[in-house]
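Dear colleague,

I am passing on the structure we spoke about, and below it you will find a short account of what turned up. Please keep it open while you read.

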Amino acid sequence: MARLLIAGALLAATLPVAAQSLLIRGATVHTAGAQGSLQNTDVLVQGGRIAAIGTGLTAGDAPVIEANGRPLTPTLFGGVTGIGIEEVSGESGTRDDRLALGPASDMAVRPEFDVTLAYNPDSIVIPVARVEGIGFTLISAGSASSIIGGQGAVMRLDGSVDPAGPKVLYLALGSAGAGQSGTSRAAQWMLLDQLIDEARGRVPADSHVAALTPAGKRALAPYLDGRGTIVVGVNRASDIRQLLRWSQRHGLRIAIRGGAEAWRLAPELASAQVPVFVDPLANLPADFDQIGATLENAARLQAAGVRVGFAQASDASHNARKLRQLAGNAVAHGLPWDAGLAGLTRVPAETFGVGDRIGTIAVGRTADLVLWSGDPLDVASTADQVWFDGRAIPMRSRQTELRDRYLHPATPADQGGLPRAYRTR
């Protein structure tokens, strides 16, 4: 078992480092971009980038993959997760996503908390998501003592150790942040306005109410200048209304995570160009912030012109591969299929600052691709092959290794009389 754990953990580190060239011929190419879906189309990859899209393309000396009509998409977004910073949910020693400085009752605002510094590209959670077509994720940050959780960024699951895009700042509002704001959501706006005043020099650093460190002020600066995106966890319509007013008053760029009742403010969100990352399975009043939850949330938002992406509400790290099932549920409840795919590819890539490289199949883009057995939004379909920079990754994870080991009963002859845990070859 120890050998198996080590092998699974090293999968990310054993990917070839050189970008590759290849030709994928005769695919149903879902570009997730302006070209839409293209039937019986070839995609030529040279030097790790998409060089041409069309028919009758030639490969030269590059290998040829016969798609035979199978769907080809960009690699998918895994959602807002702890992939790479959360190994085992129930073991605190393997979780680096949450800051806790002193009692939760003592507010400690530390926007400089940056979870990307703890990212582990050798996490065995990464191959589990990667073999299911997940190519990038936004790693999240949280705080036990502040509604400002800290910073994260997009990470590609190709073995890279550094963020693929700019940092984002996390903010928790509504009942989710009430414990860090004097138990009142009204206090959240008071505290946020004070922090902005402080960061902009309107509150003296030596004031008895000052909450930011010098590093915290520097960390907030790009977000207050509109150069960074603030990802806000919020569900209740009244909180979203106040969020829109607050962000517009201060000139902030925001994206919403959750938004169970966002459909009630769809025109306002569209006008403000605020993307919403919904959980399409949120349909019940799980708490008083989600009384208006509906399976048609994504469809209603998209119909109003809101850019819709997807994020899971719980255990997102270990269930990232299920995000495409959530997108399929949104499609089943009225969201157009192309918008469902865009919510897994183009929308998150553009929102979080990496849309110029990944999230679409277009000439010049990085060749992060997935060839599917069938409809990628159908849970019965599987990823036949995943490429990063045109490199075919090993379609193995710790889970597939365990499956293959225990799928068939071992015989004494197979193991030389030893239990199968003592594999000899």
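Which residue just after α5 takes a positive phi? That residue is Gly-251, with a phi of about 70°. Please bear in mind that this is a predicted model, in which local features need pLDDT of at least 70 and side-chain atom pairs count only at pLDDT 80 or more, while totals for chains, interfaces and linings use all residues. Residues are numbered from 1 along each chain as its sequence is written, and side-chain values use heavy atoms, with hydrogens and water left out.

Helix α5 covers residues 237-250, where helices are DSSP runs of H or I with at least four residues and strands are runs of E with at least two, numbered from the N terminus. Its buried residues (under 20% relative accessible area with a 1.4 Å probe, protein chains only) include Ile-240, Leu-243 and Trp-246.

Trp-246 also lines the largest cavity, that is, a set of points on a 1 Å grid over the protein atoms alone where a 1.4 Å probe fits but cannot get out, with lining residues having an atom within 4 Å of a point. The lining of this cavity has 12 nonpolar residues (Ala, Val, Leu, Ile, Met, Phe, Trp, Tyr, Cys and Pro count as such), and no polar or charged ones.

Elsewhere, strands β2 (residues 37-46) and β3 (residues 49-54) pair in the antiparallel sense over five bridges, pairing being called when DSSP finds at least two bridges. Asp-42 stands opposite Gly-54 in β3, and in the turn of the hairpin, which has two residues between the strands, Gly-47 has a positive phi of about 60°.

With best wishes

Key:
The expected span of a helix is 1.5 Å times one less than its number of residues. Buried means under 20% relative accessible area, exposed over 50%, partly exposed in between (1.4 Å probe, protein chains only). On a 1 Å grid over the protein atoms alone, a cavity is a set of points where a 1.4 Å probe fits but cannot get out, and a pocket is an open set with protein on both sides within 12 Å along at least five of seven lines; lining residues have an atom within 4 Å of a point.
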